[in-house]
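Open the model in your viewer and get ready to select by residue number. We will go stop by stop.

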Amino acid sequence: MKKLLTLSLAGLLAVGAVGCSKKEAASSQKESEETTLHISGLDGGYGTKGWEAVVKAFEEKEGVKVDLRLEKNIADTLRSEVQAGTYPDLVYLSVGSKGGLTDTMIAEKMLTDITSVLDEKVLGEDTKVKDKLIDGIYEGLATQPYADGKLYLAPINYSPCGLFYNANLFKEKGWSVPTTWDEMWELGEKAKAEGISLFTYPTTGYFDAFFSALLNETAGPEVYAKLMTYNVDAWKLPEVKKAFEIVGKLAQYVEPTTVANANGDNFKKNQQLILDNKALFVPNGTWLPGEMKEAPRANGFEWGFTALPKVTATGDAYSTTFTEQVFIPKEAKNPELAKKFITFLYSDEATKLFYENGGAVMPTKDASKFIGKDDENALYYTIYDNGAKSNAVGFQVMDNIVEGVSVADANTGVLYATVNSIVNGSKTVDEWYDATVKAVEQIAEANK
């Protein structure tokens, strides 16, 4: 009996020792978790060096460890982990990215409200985040997906869109770049007399950026915000129809081969029209010069870039801005540290590191100062310094879809895809506008 009791006590002591050991290990692990920021994101077009440099700088400033994981297929990796209940503290994966993980997490209300970050000071600086950012850059549905005035995704890596042209051709002809649509039509007639078309476009999908900027010009940003949430009354305003009418008039000046090549296989042929001086303007983003780098071009060709012309001389010119985003999952273990890291992303130090190590440009008001005057990127990223206003692109995601009805889809939605029919004359502007309003009404009704 004594022997058994002794063995039992020894066993209890051993169990107690193991239990203490486990508790100590758990405590140690918890402390480690609290001081380690876990970031998962996409290894995308800007590469990984910028992130690595910024993470290293943040670690040195805060005395914490950052676990950075960037993968080409991060959406697939994270989806499996999220389903298993494992979440990083910060995710770099944009709305609309391949795999749709971010969109799913938005729909499932799995993101942390980070509105408070806007009033925080940029780490290491004396400026609030909201004062450092480009005006309007965080007010679209890509950052405030529920249209409730609350921020859930922080914008990073911005890319302005606008009209590209051959600046040297304008110099040779003595033409001025139009600042209003009336001046645009006058130039269209001058170019026609020279055998040059005023306009072309790669595919109708590029009208998501074009038309978004145009709606801001004709209807204003407050109405535009309502349009993007399928507000039927807003869509019926005459200033909204005016944007359709401008595109209808522009269709008369489109290069004749455009529609035939406005597809995924031949879109570069339309972009080539600018390099060959067969068309004056093409809507596109900052990736265009790189995409056409090896293409032949007219002697003395020089890239030019401008916002859309204004509706009136006293109105505003707009340039749609695409951004990528970062967000904090609701189940993140270190949300406050993740928020602090977000503020650091907008610092001059991080902005400089991102640009020098991959070319990404943060959406801050003075980011262009890190781009040299001789750098071709200066052409695009000074567009807002020169008076143009920024606007986001994208409709609010609706819970209920209507089979066969789409407004928002850049390739099949009635708002954008119909442009080919307007250009080739198979549909009128009134038919296009009425079909768009009807689609908006159907979607709004389904999502009451």
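Select residues 207–219, helix α8, and residues 238–250, helix α11. In this predicted model, the two helices pack at an angle of about 130°, with their axes 8 Å apart.

Now show the side chains at the contact. On α8, pick Phe207, Phe210, Phe211, Leu214, Leu215, Thr218 and Ala219. On α11, pick Glu239, Val240, Lys242, Ala243, Phe244, Ile246, Val247 and Leu250. What kinds of residue make up this contact of α8 with α11? There are 12 nonpolar, one polar and two charged.

From α11, highlight Lys241, Phe244, Glu245, Val247 and Gly248. From α20, highlight Val429, Asp430, Trp432, Tyr433 and Thr436. This contact divides into five nonpolar, two polar and three charged residues.

Next, zoom out and colour by domain. Domain 1 takes residues 36–159 and 321–381. Domain 2 takes 160–320 and 395–446. How far apart do the C-alpha centres of domain 1 and domain 2 lie? They lie 29 Å apart.

Last stop: the boundary between the domains. Here 12 residues of domain 1 are in contact with 17 residues of domain 2. The two domains bury about 1,200 Å² between them. Carbon and sulfur atoms carry 65% of that area.

Key. Residues are numbered from 1 along each chain as its sequence is written. This is a predicted model: local features need pLDDT of at least 70, side-chain atom pairs count only at pLDDT 80 or more; totals for chains, interfaces and linings use all residues. Side-chain values use heavy atoms; hydrogens and water are left out. Axes are lines fitted to C-alpha atoms, for helices over the stretch in contact, and angles run from 0 to 180 degrees between N-to-C directions. Helices (H or I, at least four residues) and strands (E, at least two) are DSSP runs, numbered from the N terminus. Contact means heavy atoms within 4.5 Å. Ala, Val, Leu, Ile, Met, Phe, Trp, Tyr, Cys and Pro count as nonpolar, Asp, Glu, Lys and Arg as charged, and the others, Gly among them, as polar. Domain bounds come from an automatic or database domain assignment. Buried area is the accessible area (1.4 Å probe) that two parts lose on being put together, summed over both.
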